[in-house]
Amino acid sequence: MSKTQNSSQAVYDARTLGKPKMLVLGLQHMFAMFGATVLVPAITGLPVSTTLLFAGLGTLLFHLLTKMKVPAFLGSSFAFIGGYLSIVEMGKSYDLTASQSLPYACIGVACAGFLYFILAGLFKAFGAKKVMKFFPPVVTGPIIICIGLILSGSAISNCQSNWWIALAAIVSIIICNIWGRGMIKIVPILIGVLVSYVLAACFGLVDFSAVKDAAWIGLPIYKDSTAIAIADTRNWEMLTTAIITIMPIALATMIEHIGDMCAISSTTGKNYLQDPGLHRTLIGDGLATAIASLFGAPANTTYGENTGVLNLTKVYDPRVIRIAAIFAILFSFCPKFAAVVSAMPAATIGGVSLILYGMISAVGVRNVVENNVDFSSSRNVIIAAIILVLGIGINYGVEGGSIDLGFTKLSALAIAALVGIILNAILPGKDYEFGKDPKGDTAVNFDANTNRVTE
């Protein structure tokens, strides 16, 4: 039976399962995205409840804009973690606390979300080949490597609070990812968090006082976390810095989006890049990210974990994903649950982050390798070398991890990305052609789940 036939059969099966089984399937999808989605606010300090709310709303918006055809779930993006942490660090030089700095970072992420609209328009007007030649793997690969390595310091710092608890998370994730079967292999992050968290609780290393005081029902949006909170500090230099620092990260996440759409298309046997079209999926992802950020939630991205669930269950009906989105929205109205996530030990976060950040850098290496970037070419060596040294060197060698230009500050990642793009544009010898090697073109994803189909 062909993939298309498989897909049709799966959709037919979903419609005849009945409401109880559809609800169970939707709940399963919610748990698949759960560990990774709540980990981002746990690391960055953004509200857990707001994150769940806009993961659900963002998914529903994405489905609306893609004609209800694409079975994709939008959860928190790991790629922007470095941006959030960089802005929090920069905020210290302006005497801003982490909670005061995060709204500035959120505005930067919202602007990055609107870049999706620009790329979607360019794709529609000029085609992917002409646009993507400005963002070849020799630029995006080293940028992704920098993202992971820049974050590595914070992972080690968190692990140092209790290496045994961190090790429990690391070992659990490795076992689930390598030897797990079925759903176990799809949700290694969630299992790693649970094992480490429970172990820490058993040894009395978790403070549950905030959980006890939290209400069962409450609103998931907090004014101090939204974009309008910058009105209290009104630091325009900080705002400019946040936008310039974070927007380049979208170069990597937009390519990640293309890879995700290829993975979902391959899994279901339907070409979503043609119908409803890559321009629609980009707009859906970008708009969901922009809106979520303005309300204080992390950037969104299509989730590989849920693609893995599609592959496991063979049920591809997008309605199942929408049920998962509704479950996420319902959970967002429970402050007590958010308090449980917020009480997660730093060592647990550190253990999970150690793997995640390393995998982000590994994804950058994969991007370079699968595109057969020719490093016998002096041009490519120079571009990659300068991106890596600027990104890592400035972050660890300059106080605050940024360069002060007088009118604004540029983070290490922003400088590395901008210089890399400019060098690629002006140096002769461009040899990358998007669409020539589908495997290489889609070799970008930021998920711990490796059970993707990207052929």
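Me: Where is Asp95 placed?
Reply: Asp95 sits in the loop between helix H4 (81-91) and helix H5 (98-126). Do keep in mind that this is a predicted model.

Me: What is the phi of Asp95, and how should I read it?
Reply: The general idea comes first: most residues other than glycine have a negative phi. Asp95 has a positive phi of about 60°, although it is not a glycine. Its relative accessible area is 71%, so Asp95 counts as exposed.

Me: Which loop holds Lys67, and what is its phi?
Reply: Lys67 belongs to the loop between helix H3 (48-65) and strand S1 (74-76). Here too phi is positive, about 60°, in a residue that is not a glycine. With a relative accessible area of 43%, Lys67 is partly exposed.

Me: Good. What about the peptide bond from Asp275 to Pro276?
Reply: As a rule, most peptide bonds are trans. The bond from Asp275 to Pro276 is cis, with omega near 15°, and Pro276 is found in helix H14 (residues 273-294).

Me: Now helix packing: how do H8 and H18 pack?
Reply: Two packed helices are described by the angle between their axes and the distance between the axes. For H8 (residues 163-179) and H18 (residues 346-370), the angle is about 40° and the axes are 7 Å apart. The two helices are therefore oblique to each other, and their crossing is right-handed.

Me: Which residues meet there?
Reply: On the H8 side they include Trp163, Ile165 and Ala169, and on the H18 side Gly351, Val352 and Leu354 are among them. By class, this contact has 11 nonpolar, 2 polar and no charged residues.

Note on methods
Residues numbered from 1 in each chain as written. Predicted model: local features only at pLDDT ≥ 70, side-chain atom pairs only at ≥ 80, totals over all residues. Heavy atoms only, no water. Axes fitted to C-alpha atoms, helices over the stretch in contact; angles between N-to-C directions. Helix = DSSP H or I, 4+ residues; strand = E, 2+ residues; numbered from the N terminus. Parallel < 35°, antiparallel > 145°, perpendicular 65-115°, else oblique. Left-handed = near helix turned anticlockwise from the far one by under 90°. Contact = heavy atoms within 4.5 Å. Nonpolar A, V, L, I, M, F, W, Y, C, P; charged D, E, K, R; others polar. Buried < 20%, exposed > 50% of the residue type's maximum accessible area, 1.4 Å probe, protein only.
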